[in-house]
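Please keep the sequence and the coordinates at hand while reading.

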Amino acid sequence: MDEKERYDDIVEVQEQDDLGQDDYEFEDQEQNKTRMELYDWLQCLVSAIICGIFIFVFIGRTIGVDGESMMNTLHNRDRVIMSNLFYTPQNGDIVVFHSPSEAFGGTPLVKRVIGIAGQSIDIDFETGEVFINGDVIDEPYILELTTYNRHRFDGPVMIPEGYVFVMGDNRNFSTDSRAREVGMVDTRFILGRVYLIAIPGADGLTPREWSRIGLVD
């Protein structure tokens, strides 16, 4: 083998070494890129979990609706989001609260605030009209007029400080402040206000109406 052939062999080996080094560098770059992508996904996942915990603890939580007393605003088995952050009950709000009565087994109730402290409430069970301080209120949210299911209500009644008067939107099929089992609701028992429907309810007869997802009035 002459000198030129030896030189060509050396150059060829050197080129192969260079190509091998490039392959190693490319593989390292790909591995680093994969690790960075996994790290980014992990960081996003951890952030989402932390945000979820923060929202659940400080801002809102989900709760299920049991029964049809809030029809047609809320349906049986709806999952709703509520919050008590900086919340003070107001007329027309839908709230979740614990009833002190053992009749409901400690299950939270969902009703609408009709009157707050200092207001007078009366109901005309012939016309279905509800009065606050002597004035008829507009109630576009109710399913039917309040024409029966008087319970033990005998108005007008004055709402004391620290309490609210609640009724279901399905007035004729709701156990609420008209009944002894619920009565006036102590605001300390209110868990929060319902803001939106997260998952519409469904059962064996009624499918989910996904169009109902959103804010509630």
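## Salt bridges

A salt bridge is taken here as a side-chain nitrogen of Lys or Arg within 4 Å of a carboxyl oxygen of Asp or Glu. In this predicted model, D186 forms such a bridge with R188, the closest N and O atoms being 2.7 Å apart. D186 is buried, with a relative accessible area of 7%, whereas R188 counts as exposed at 70% relative accessibility.

By the same rule, the count comes to six salt bridges, and among them is the pair of R112 and D169, whose side chains meet at 2.7 Å from N to O. R112 sits in strand β4 (residues 109–116) and D169 in the loop between β9 (163–167) and β10 (185–186), so that the pair links distant parts of the chain, 57 residues apart. Both R112 and D169 are buried.

## The pair D78 and R212

D78 forms a salt bridge with R212, with 2.6 Å between the closest N and O atoms. Because D78 lies in the loop between β1 (61–64) and β2 (79–83) and R212 in the loop between β11 and β12, the pair ties together parts that are 134 residues apart in sequence. D78 is buried, at 0% relative accessible area, and R212 is buried as well, at 15%.

## Around A202

A202 lies in the loop between β11 (190–199) and β12 (214–215). The C-alpha atoms of A202 and D78 are separated by 7.6 Å, although the two residues are 124 residues apart along the chain. Leaving aside residues up to four places away in sequence, A202 touches N76, R77, P207 and R208.

How values were computed
Residues are numbered from 1 along each chain as its sequence is written. This is a predicted model: local features need pLDDT of at least 70, side-chain atom pairs count only at pLDDT 80 or more; totals for chains, interfaces and linings use all residues. Side-chain values use heavy atoms; hydrogens and water are left out. Helices (H or I, at least four residues) and strands (E, at least two) are DSSP runs, numbered from the N terminus. Contact means heavy atoms within 4.5 Å. Buried means under 20% relative accessible area, exposed over 50%, partly exposed in between (1.4 Å probe, protein chains only).
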